[in-house]
Amino acid sequence: MMRVVIIGAGMAGSKLAEELAHNATVKLAITLIGEEPKVGYNRIMLSSLLAQEIGDEDMSLVDLQKMGQTGVDILAEDPVVRISSEQKQVTLSSGRVIDYDKLVFATGSKANMLPIEGAMASNVMGFRTWQDVDRMADLPVAQKVAVIGGGLLGLEAAVGLVKRGHQVTVFHRSGHLLNRQLDASAASLLQCRLETMGVEFCLSDSPTQFIHDASGTVCQLLHGDGQQKPVDLVIMAAGIVPETQLAKQAGLVVKKAILVDAQMTTSDTDIYALGECCEFEQQTFGLLAPIWSQISVLTQVLTGSAANFAIVPTPTKLKVSGINLFSVGKIQPDTNDACLIFEDVSANHYRKLVVNDGLLVGAILYGNVADGSWYFQLIQNKTKVTDILDRLIFGEAYCSSQVA
């Protein structure tokens, strides 16, 4: 029986273990190893848990009990500390040694801790784990919180903390929020909505120094032109860094992340990687859709079938209650692109479509996002939209019968 060891019991690793365990054609000896106390939970729902929109019981991603019954050995809070690719063994923090035939890296990522003076303090943290949510949930009431980063994760953290009664300021280096997913017009509508919820913003700005009190915790931050702002907690949400330390120690080829081919194989033919810790065709992965595709591919590969991973456009949605946002593909047109825009400020509704050579290549929807999946399908299928260009902005109901 082939022994498959999966390092990392987050979403990618747990889902892979479940898929392999449920595969009826090949029997595998699967070991799932995690460093967190809780494994197999839905990390995507952390922001909803922080905002108290769901409870602990809603966080499960996989059925751990059923996986255990099918023979998966699940080891929590005992991370791998050493790998011997020659002996095909991993050593855990507890000292336990586990043999493998095939090894999978699903080590994910960690928060990007910006090199700001004074950032090494106990009240400067990331937002990546259930433990992080527990820590924020235990905060005293009405704390002053600075969130560094106005991307998806930062905004989700900010809203969750505001809903818990804290005073939150988001610092973002760009001139508008979600600058990788939105243009300035859509971002402005989003910012106005978040401000009504109680979130404050400092755009085109970032802390330059964290000032400590006598106990060594951050009590103030410097930003802008030397302005000072009191703070009780700092959340770093300025991107993620693939977790590759073990892979480097094992001698794998690592650039931005662990290099893999279309079968998710690393530079060692018996070692694979997927999720946020891998790199394919110079791209890394933080959204769920491509990682789910990687899991499907690797499940087939490890059970003896042929499969190849390919990069496709992936839509972005903001997980904040009461805010509907959809973005996919190209958001800033070039000189050769046509740009279609519809905006109704009073209805808080905005659409922008980018078309190139008769093909839809990008879409931003804010407010009414019902047509997002249809636009995404047009992009994926490379459907010609030339004949409906004058109606495309109004959505599927106006155009579907006319698409060539």
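Q: Which residues make the contact between α5 and α6?
A: This is a predicted model. In it, L155, V159, V162 and K163 of α5 meet L190, L194 and M197 of α6. By class, that contact has six nonpolar residues, one charged and no polar.

Q: Why is α5 called roughly parallel to α6?
A: Helix α5 (residues 152-163) and helix α6 (residues 184-197) pack at about 25°, their axes 10 Å apart. Angles under 35 degrees count as roughly parallel, so α5 gets that label relative to α6.

Q: What makes Q181 count as buried or exposed?
A: Q181 has 16% relative accessibility. Buried means under 20%, so Q181 counts as buried. Q181 sits in the loop between β11 (167-172) and α6, and touches L152, T316, S327, I331 and I364, leaving aside residues up to four places away in sequence.

Q: Why is the aromatic pair of Y41 and W130 called edge-to-face?
A: The ring centres are 5.2 Å apart, with 80° between the planes. Y41 is in the loop between β2 (28-33) and α2 (46-50) and W130 is in helix α4, so the pair ties together parts 89 residues apart in sequence.

Q: How do you know that K38 lies over the face of W130?
A: K38 is 3.8 Å from the ring centre, and the distance cut-off is within 6 Å. K38 is listed as lying over the face of W130.

Definitions and conventions: Residues are numbered from 1 along each chain as its sequence is written. This is a predicted model: local features need pLDDT of at least 70, side-chain atom pairs count only at pLDDT 80 or more; totals for chains, interfaces and linings use all residues. Side-chain values use heavy atoms; hydrogens and water are left out. Axes are lines fitted to C-alpha atoms, for helices over the stretch in contact, and angles run from 0 to 180 degrees between N-to-C directions. Helices (H or I, at least four residues) and strands (E, at least two) are DSSP runs, numbered from the N terminus. Angles under 35 degrees count as roughly parallel, over 145 as roughly antiparallel, 65 to 115 as roughly perpendicular and the rest as oblique. Contact means heavy atoms within 4.5 Å. Ala, Val, Leu, Ile, Met, Phe, Trp, Tyr, Cys and Pro count as nonpolar, Asp, Glu, Lys and Arg as charged, and the others, Gly among them, as polar. Buried means under 20% relative accessible area, exposed over 50%, partly exposed in between (1.4 Å probe, protein chains only). Rings of Phe, Tyr and Trp (its six-membered ring) pair if their centres lie within 6.5 Å; planes under 30 degrees apart count as stacked, over 60 as edge-to-face and the rest as tilted. A charge sits over a ring if NZ of Lys or CZ of Arg is within 6 Å of the ring centre and within 35 degrees of the ring normal.
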